[in-house]
Amino acid sequence: QVQLVESGGGLVQPGGSLRLSCGASENIISSNTMGWHRQVPGKQRELVALITSGGHTNYVDSVKDRFTISRDTAKNTVYLQMSSLKPEDTAVYYCSARPFPDTPVRYWGQGTQVTVSS
């Protein structure tokens, strides 16, 4: 069973930056579509960014030009660099893995809290 473990969340002031990391227990980063999602209480989980096995990236409009998804296949790790953070970015952020962008998520991480507040 593949495990995804997120880290890097925390409290940051508006306008600040954070980098989230997602480490995989097996070498799946280069062969799967990896994604970052977020969820706030009472709302559906939202896909924020993804990177395909071919390295193509896609972002939800609300984070374009502020967030960057990347990967290090040698370290089996996916990153989400977040900058110009806003209070509305506050959420639990989850890492995911799926075979292809249009297939269901196969693996989820446990989530890491990001709080943007002064």
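**View 1. Arg38 and Glu46 meet in a salt bridge, with 2.9 Å between the closest N and O atoms.** Welcome to this predicted model, in which local features need pLDDT of at least 70, side-chain atom pairs count only at pLDDT 80 or more, and totals for chains, interfaces and linings use all residues. Residues are numbered from 1 along each chain as its sequence is written, and side-chain values use heavy atoms, with hydrogens and water left out. A salt bridge here is a side-chain nitrogen of Lys or Arg within 4 Å of a carboxyl oxygen of Asp or Glu. By this rule the count comes to four salt bridges. Arg38 is buried at 7% relative accessible area, while Glu46 is partly exposed at 29%. For these words, buried means under 20% relative accessible area, exposed means over 50%, and partly exposed lies in between (1.4 Å probe, protein chains only).

**View 2. Arg66 and Asp89 form a salt bridge whose closest N and O atoms are 2.8 Å apart.** Arg66 lies in the loop between strand S6 (57-59) and strand S7 (67-72), and Asp89 in the loop between strand S8 (77-82) and S9, so the pair ties together parts that are 23 residues apart in sequence. Strands (E, at least two residues) and helices (H or I, at least four) are DSSP runs, numbered from the N terminus. Both Arg66 and Asp89 are buried. Through shared partners, salt bridges join Arg38, Glu46, Arg66 and Asp89 into one network.

**View 3. Lys64 pairs with Asp61 in a salt bridge, the closest N and O atoms lying 3.1 Å apart.** Lys64 is partly exposed, with a relative accessible area of 40%.

**View 4. Tyr94 and Trp108 are the two rings to look for here, and the count of aromatic pairs comes to one.** Their arrangement is edge-to-face, with 6.4 Å from centre to centre and 85° between the planes. The pair links distant parts of the chain: Tyr94 belongs to strand S9 (residues 91-98) and Trp108 to strand S10 (residues 107-108), 14 residues apart. Rings of Phe, Tyr and Trp (its six-membered ring) pair if their centres lie within 6.5 Å; planes under 30 degrees apart count as stacked, over 60 as edge-to-face and the rest as tilted. Tyr94 is buried at 14% relative accessibility, and Trp108 is partly exposed at 37%.

**View 5. Arg45 places its charged end over the ring of Tyr94, 3.6 Å from the ring centre.** The charged end of Arg45 also sits over the ring of Trp108, 4.5 Å from its centre. A charge sits over a ring if NZ of Lys or CZ of Arg is within 6 Å of the ring centre and within 35 degrees of the ring normal.

**View 6. Leu4 is one of the residues with the most contacts inside the largest nonpolar core, which has 29 residues.** Met34, Trp36, Leu80, Met82 and Tyr93 are also on that list. A nonpolar core is a set of buried Ala, Val, Leu, Ile, Met, Phe, Trp, Tyr and Cys residues joined through side-chain atoms within 4.5 Å. Elements giving two or more residues to this core include strand S3 (18-24), strand S5 (46-51) and strand S11 (112-116). Leaving out residues up to four places away in sequence, Leu4 touches, among others, Cys22, Met34, Cys95 and Trp108; contact means heavy atoms within 4.5 Å.
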